[in-house]
Amino acid sequence: MSPWAGAGRRVHIQEVGTRDGFQSEGVFVPTEEKIALVDALSLTGLSKIEVSAFVSPQAIPALRDADEVLRRIRRYPGVVYTALVPNRRGALRALEAGVDELNLVMSASESHNLTNLRMTRAHSFRALAEVAREAQSAGRAFTISLSCSFGCPMEGDVPQADVLDWVARFLDLGASGVTLADTTGMAHPGQVAQLTRAISEGWPAAELSLHFHNTRGMGLANVIAGIDAGATRFDTALGGIGGCPYAPGATGNVCTEEVVHALELMGFATGVDLPRLLVASRRLPRLLGHDTPSQIAKAGCRLDLHPVPPEFDAIQARARARSG
Ligand code: COA
Ligand code: ZN
C-alpha cells in the first residue's frame, strides 16, 4: 500500500479531449485521426471516454463526424464510451451510432443555457426529459452534465440550491450520474468541497463526476479538494485542451496527464498508464497546429532525469580540489 495520502484509493479518469477539446479548435481534425486517437486512448486505462458530441453541425462543425467516429472506434472492455447530446435529435444519432451512455447537457445558469443551447433552462429540461425516455427505452444509461455549476461568466455565482435542484430533477428522471462542470474555471477549492459533500450526502448512490477547467490555475487544487470531499471521478482532457465556444473567456480543461501524474505521486490509483498517455498527448500539436498547455508533455515526469552537463567532470574535480 502506498505510504502517501491516497493510500491506493481508486480515482477514475474520464477523458473529454476529443469532445471538449476538439469542439473549441479552429481546425477540423480528420476523422481517421480522431478514430486513431480514441483507439490509442482506449489502451491507456481510462475509465470513460467522451468520444464526441451529437450537436448541430452548424453550431460545432469540428464534431460533425461524431456518427462515423463512434461507429468506427474499437471498443475495449472496461471502457465506457459516452457522447454529449443536447437534444432528442442528438440522442437518436448517438443511440444509432452505438454509444454506451448518453451525456445530456444543460447549464445551471439561464444566460449560459440561452447562449450555448439557444433554449431556456425550462425548455432544455423538457427536451432532455424526452431524451431520458429515449435512452431508457433503448436500455442505455444516461448522465447529465450541468455547465456553469460553479459560476457563470455572465451572471456570476450560481446559487448552490439551484444546482442541487437540477441534480435532483435529473436523478428523479433516472440519470445514473451527474457531472458538475466548471465551464469557465470559476470553481475554487472550498466551494468544490461544499458542493461535493452536499451531493454525496444527498444522493450517495449517484455517480458524481467533477469537470474542471484550468482557466484561473485552480484546476488541480479543485481536483484535490473534490477527492478530499469524497469525489472519485474526474473529467480531464489530454494536453489540457478544451473550452466552450459559447462561454466568454473559456480555456482548457484540467490536463489528463497532469492530473494522473499528480494523483499517482500522491498515492491514488488511477489505473492510467502515464507513458502511453504521453505518447497520445504528444500527437496533439501536429493534429491541432499548435502547442498544448500540458506541463508534463513539456517538462516530462518528476523523475525523468536529465544528463549531467558535458563539463560536469571538470566542475566536480575543481570543486573537490577547492574543498580539500
Ligand atoms: N444533430 C444534428 N443536427 C441538429 C441537431 C443535432 N443534435 N440539433 C439540431 N440540429 C439541426 C437542425 O436539424 C437544424 O438544421 P436545419 O437548419 O438544416 O434544419 C439546425 O440544427 C437548427 O436546429 P434547431 O432545433 O433550431 O436548433 P438551434 O439552432 O436552436 O440549436 C442546438 C440548438 C442545441 C442544437 C445547437 O445550439 C447546438 O447543437 N449547440 C451546440 C452546443 C455545444 O455543443 N456547446 C458546447 C458544449 S457544452
Ligand atoms: Zn468543459
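1. "Buried" here means under 20% relative accessible area, against over 50% for exposed and partly exposed in between (1.4 Å probe, protein chains only). By that criterion Phe 125 and Trp 166 are buried.

2. The model is predicted, with local features requiring pLDDT of at least 70 and side-chain atom pairs pLDDT 80 or more, while totals for chains, interfaces and linings use all residues. Residues are numbered from 1 along each chain as its sequence is written, chains are lettered from A and ligands numbered from 1 in the order in which they are written, and side-chain values use heavy atoms, leaving out hydrogens and water.

3. Three aromatic pairs are present (Phe, Tyr and Trp rings, the six-membered one for Trp, with centres within 6.5 Å; planes under 30 degrees apart are stacked, over 60 edge-to-face, the rest tilted). Phe 125 and Trp 166 have ring centres 5.9 Å apart and planes at 50°, so this pair is tilted. Phe 125 belongs to helix α6 (residues 121-137) and Trp 166 to helix α7 (residues 160-173), so the pair ties together parts 41 residues apart in sequence. Helices (H or I, at least four residues) and strands (E, at least two) are DSSP runs numbered from the N terminus.

4. Phe 150 and Phe 212 make another tilted pair, at 5.7 Å centre to centre and 50° between the planes. Phe 150 is in the loop between β5 (141-147) and α7, and Phe 212 is in strand β7, so the pair links parts 62 residues apart in sequence. Both Phe 150 and Phe 212 are buried.

5. Two arginines sit over rings (CZ of Arg, or NZ of Lys, within 6 Å of the ring centre and within 35 degrees of the ring normal). Arg 169 is over the face of Phe 125 at 4.2 Å from the ring centre, and the charged end of Arg 64 is 3.9 Å from the ring centre of Phe 28.

6. The zinc ion (ligand 2) is coordinated at 2.0 to 2.1 Å by Asp 20 (OD), His 211 (NE2) and His 213 (NE2). Donors are N, O and S atoms within 2.8 Å of the metal (3.2 Å for Na, K and Ca); water is not among the atoms, so sites may look incomplete. Asp 20 lies in helix α1 (residues 17-23) and His 211 in strand β7 (residues 207-212), so the pair ties together parts 191 residues apart in sequence. Asp 20 and His 211 are both buried.
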